[in-house]
Amino acid sequence: MFVKVTREDIIEGLQKSANIIPAKTGAAFLRTIWLQAENGSLRIMSTDSSLEFVGKYRAEVVENGLVGVQGRSFFDLVRKLPKGEIHLKLDPESQNLLVHQGARRYKLPTSEKSWFQDFAAFPAQGHVMWSGDFLNELIDRVFFCISDEDTMEAMACMYFKPVDERVEVCGLNGHQFAMASFLNDDIKGIMPPEGILIQKKYVLELKKWLTADEIELAISQKRLFFRTQDQSETFSLPLSYFQYPDYKNFVSKLSVTGVSDLTVEKMALAEALDRIAIFNTDNNRCTYFLFDDPAQLMLQSQGQETGAATESLESTFTGDLKKIAFPTKDLLEILGHYHSSNVRFSLTGSEGPCGITGEDDTDYLVIIMPMKIVEETYYSEEASA
């Protein structure tokens, strides 16, 4: 193999490729970045045995060939080189990759070619265009509610489900649930009826790869594929096949008879909670909501070592609920995902699920479980939604 490339053409692809491979641990073949020179381009490929990245970049190919190198070392070297042309040549005698740039000379050991396995091909049919910017926003709005524990199976996944004319995107961790929905006939058309599950760790890597540009999306029986509009880069990940919880059960509780209703200005509430959080402790990490006055929401928190805080906000409240407690930091994070000036809390009880919606966020719902009030200054979290 002998290929001439410019650093500017390949550095971004190298970084994306290096992002998904182990840094120093793990099997050597998984720490490999593969370089394939053919047909006037250089293909850069990497995998961690689940995620796959393939990028094709402009190059002057003098001699076709395939070479594998220790990925992080190669990326770090190219990253630290100045702009300009780089020559990559396989030495047939030593089987080292020779890297030249002007007077600079480097030599890198190569991997066994037998380690290379073909990467999953982007499906020839059934792919649709989608907005990378829109997908990024969807991920942001549900990602924080997905469980971090792989042992939670489906709850450690982001769920896409076609429902009637829409696609619902969900995240659930047992005490919080987020759902964003959207209309897109093309996306809905390629979704299997049962929906698709993507593990949280893979969603995180997908977000690193995504930009605001248009992308192509395709779904095979086992994998989900993304490709740039110019088809120069492909990123794919495995689908999971766990059974996702029936979230309609607890969503439906928000609309039954007897639900209390609170509407409050989002920014004023967030600022108050941010101040009250100063008075939270490890044993008392919540804020009391008191509803003695339908036009004034009273917020309280206290800690044995930190003192006490009380604030009141203008609000509109209807219902019989007298008091409820929410984890302060969790509620602050939730409010940060709303665009609306005012948010509405649908309160099913002091220990029941609470739905949060916004007048300008009609396609977005977050459900949070309140803290169980054990005694005046101590709270424990409900186990699940």
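Colleague: How much space lies in the largest pocket?

Modeller: Rolling a probe the size of a water molecule over the atoms shows where empty space is left. In this predicted model, the largest pocket holds about 310 Å³ of space. Its lining has 18 residues, and Arg43, Val54, Ala120, Phe122 and Thr234 lie nearest the centre. Two or more lining residues come from each of strand E3 (41-47), strand E4 (52-58) and strand E17 (233-238).

Colleague: Which element has the largest share of that lining, and how does the lining of the largest pocket divide by class?

Modeller: The largest share is that of E4, with 4 residues. By class, the lining of the largest pocket has 7 nonpolar, 6 polar and 5 charged residues.

Colleague: What lines the largest cavity?

Modeller: The lining of the largest cavity consists of 13 residues, with Leu135, Phe160, Ile198, Leu224 and Phe226 nearest its centre. At least two residues each are supplied by helix H3 (132-143), strand E11 (157-163), strand E14 (196-199), helix H5 (200-209) and strand E16 (223-228). By class, this lining has 13 nonpolar residues, no polar and no charged ones.

Colleague: And which residues line the second largest cavity?

Modeller: The second largest cavity is lined by Lys16, Asn19, Ile20, Phe53, Glu205, Lys208, Trp209 and Phe235. Helix H1 (7-19) and H5 are the elements that give two or more residues to this lining. H5 gives the most, with 3 residues. The classes here are 4 nonpolar, 1 polar and 3 charged residues.

Colleague: Which strands are joined to E17, and in what sense do they run?

Modeller: E4 and E17 run antiparallel and are joined by 4 bridges. E16 and E17 form a hairpin with 4 residues between the strands, where Gln231 takes a positive phi near 65 degrees.

Colleague: What pairs with E15?

Modeller: Strand E15 (residues 214-219) pairs antiparallel with E16 over 5 bridges, and the two form a hairpin with 3 residues between them. Leu217 stands opposite Phe226 in E16. Strand E10 (residues 128-131) is joined to E15 by 4 bridges, again antiparallel. The bridge partner of Trp130 in E15 is Ile215. E15 is mostly covered, with 5 of its 6 residues buried.

Colleague: Let us turn to a single residue. Is Gly68 buried or exposed, and what does Gly68 touch?

Modeller: Gly68 is found in strand E6 (residues 65-70). Gly68 counts as buried because its relative accessibility is 1%. Leaving out residues up to four places away in sequence, Gly68 touches Thr32, Ile33, Trp34, Pro109, Thr110 and Ser111. The C-alpha atoms of Gly68 and Phe29 are separated by 8.7 Å, and these residues are 39 apart along the chain.

Colleague: Last, the cysteines. How many disulfides does the count give?

Modeller: A disulfide needs two cysteine sulfur atoms within 2.5 Å. The count comes to 0 disulfides. Cys145 is in no disulfide, and the nearest cysteine sulfur, that of Cys170, is 10 Å away. Cys145 counts as buried because its relative accessibility is 0%. Cys170 is likewise in no disulfide, and Cys170 is buried, with a relative accessible area of 0%.

Conventions. Residues numbered from 1 in each chain as written. Predicted model: local features only at pLDDT ≥ 70, side-chain atom pairs only at ≥ 80, totals over all residues. Heavy atoms only, no water. 1 Å grid on protein atoms, 1.4 Å probe; cavity = no way out; pocket = protein on both sides within 12 Å on 5 of 7 lines; lining within 4 Å. Nonpolar A, V, L, I, M, F, W, Y, C, P; charged D, E, K, R; others polar. Points joined across faces, edges and corners; volume = space filled by probe spheres on them. Buried < 20%, exposed > 50% of the residue type's maximum accessible area, 1.4 Å probe, protein only. Contact = heavy atoms within 4.5 Å. Pairing = 2+ DSSP bridges.
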